[in-house]
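Colleague: Please pick one part of this model and look at it closely. Then set that part in its surroundings.

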Amino acid sequence: MKDLLAPDVVNSFLDVVVRYLRSTVGIEAVVATVGEPEPMEPTIAVALDFKGDVRGPVTWVFPRPIALELVRRLMCEPDPSPEFATDGATELANILTGRASEVLERHGFQCEFGVPRLHVGDLPTGITVRMATANGPIDIVLSMAKTGRFKRVD
Amino acid sequence: MDIMPSAIIIDDSPIMRAQIAKLLELAGFTVAAQAGSADNLLELYEQHRPELVSLDIVMPGRDGATAAAELRQRHPEAIIVICTSLNTRDKIDICRRAGVKCYLLKPFNPDYAVSVFRRVLNYTREIPLPKFDDIAGPAAGRGTVPGR
């Protein structure tokens, strides 16, 4: 069985996500469930693969309105075309992963992540978190597992 | 007649390139070129000789930290502003060793980003730039993207 991230690391990761959802797209999010979420309306899923002391993807599932909100803010475009939603979701996933990866470093994990990629199909297994927002739920699947070379010192 | 200073933008996100282009123009630059990867950074730099290079780190192909080191090795006069969401110490160290002057963290506070670009502009006009740590420190992370 994979050695998934410990609860304190996950909680710190999610704290950063909440903070940067607020500052990046002006959205208040709270953790609603941890576990298997209900399927949601048409969404965009973006995965970024970690390597190093933790390995595997973090997958973000955003409602289109949230992805478009980032586009609206970055491009100062009041009514962005829906075709930009994928770019918005990809960049939002990139920003949130980048900022939340600081948590992994603070917990002693040396790791980096790759270029965002669109995820198609069933979500991977892992720690699945649903965040409730006024613009629809955001799902995060943390599939990263600690690699054998990491020895945590508490 | 004054010639506006120029910049090139390397970022794989089209919406980030659009935002950075707007901020650079507000800071007084013209954007000479944009690209979605750093694979042709040297060629772009040698073609346009910009006063500033805005460079992301995590991109398809060559990563921005490696590209920054290569560019500065060939052109030590190149002024690079890293624009990234990645704030891990090792990447900052690679960029610092490469001689990168500024490290801007996404999401940007637009006013702060413009002020950094203007300071770079002043630097090219022989006014000293603040120390790297002034920009790579907590100030860089305090930015928010304001609402409409």
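Modeller: Two residues are in contact if their C-beta atoms, placed from the backbone, lie within 7 Å. This is a predicted model, so pLDDT must be at least 70 for local features and 80 or more for side-chain atom pairs, while totals for chains, interfaces and linings use all residues. Residues count from 1 along each chain as its sequence is written, and chains are lettered from A, ligands numbered from 1, in the order in which they are written.

Take chain A as a whole. Of its contacts between residues at least 6 apart in sequence, 70% join residues at least 24 apart. Chain A has 3 helices and 8 strands (DSSP runs numbered from the N terminus: H or I of at least four residues, E of at least two). Along the sequence they come as α-β-β-β-α-α-β-β-β-β-β. The C-alpha atoms fill a box of roughly 50 × 30 × 25 Å along the principal axes. Buried residues are 45% of the 154 in chain A (buried: 20 or more other C-beta atoms within 10 Å of its own; exposed: 12 or fewer; partly exposed: in between).

Now the part to look at: the packing of α2(A) on α3(A). Helix α2 spans residues 64-75 of chain A, and helix α3 spans residues 85-106. They pack at about 85 degrees, with axes 7 Å apart (lines fitted to C-alpha atoms over the stretch in contact; angles from 0 to 180 degrees between N-to-C directions). That makes α2(A) roughly perpendicular to α3(A) (65 to 115 degrees; under 35 is roughly parallel, over 145 roughly antiparallel, the rest oblique).

Which residues meet? From α2(A) come A:Arg64, A:Ala67, A:Leu68, A:Leu70 and A:Val71. From α3(A) come A:Ala85, A:Asp87, A:Gly88, A:Ala89, A:Glu91 and A:Leu92. The contact holds 7 nonpolar, 1 polar and 3 charged residues (nonpolar: Ala, Val, Leu, Ile, Met, Phe, Trp, Tyr, Cys, Pro; charged: Asp, Glu, Lys, Arg; polar: the others, Gly among them).

Focus on A:Leu70, in helix α2 of chain A. A:Leu70 is buried, with 28 other C-beta atoms within 10 Å. Leaving out residues up to four places away in sequence, A:Leu70 touches A:Thr24, A:Val25, A:Gly88, A:Glu91 and A:Leu92. A:Ala132 lies 62 residues from A:Leu70 in sequence and 18 Å away in space, C-alpha to C-alpha.

Next, the contact between chains. Chain A puts in 24 residues and chain B 23. α1 (7-25), α2 and α3 of chain A each supply at least two residues to the side that touches chain B. α3(A) gives the most, with 11. By class, this side of chain A has 9 nonpolar, 9 polar and 6 charged residues.

Last, chain B. Its 5 strands form an open sheet, β2-β1-β3-β4-β5, with parallel pairing (two strands pair if DSSP finds at least two bridges between them). β2 (30-35) and β5 (102-105) stand at the edges with a single partner strand each, so one side of each has no neighbour in the sheet. Neighbouring strands are turned by 20 degrees against each other on average, direction ignored. Strand β1 (residues 6-10) of chain B runs parallel to β2(B), joined by 5 bridges. B:Ile10 has B:Ala35 in β2(B) as its bridge partner. Helix α3 (residues 64-74) of chain B lies across β1, β3 (52-55) and β4 (80-84) of chain B, at about 175 degrees to β4(B).
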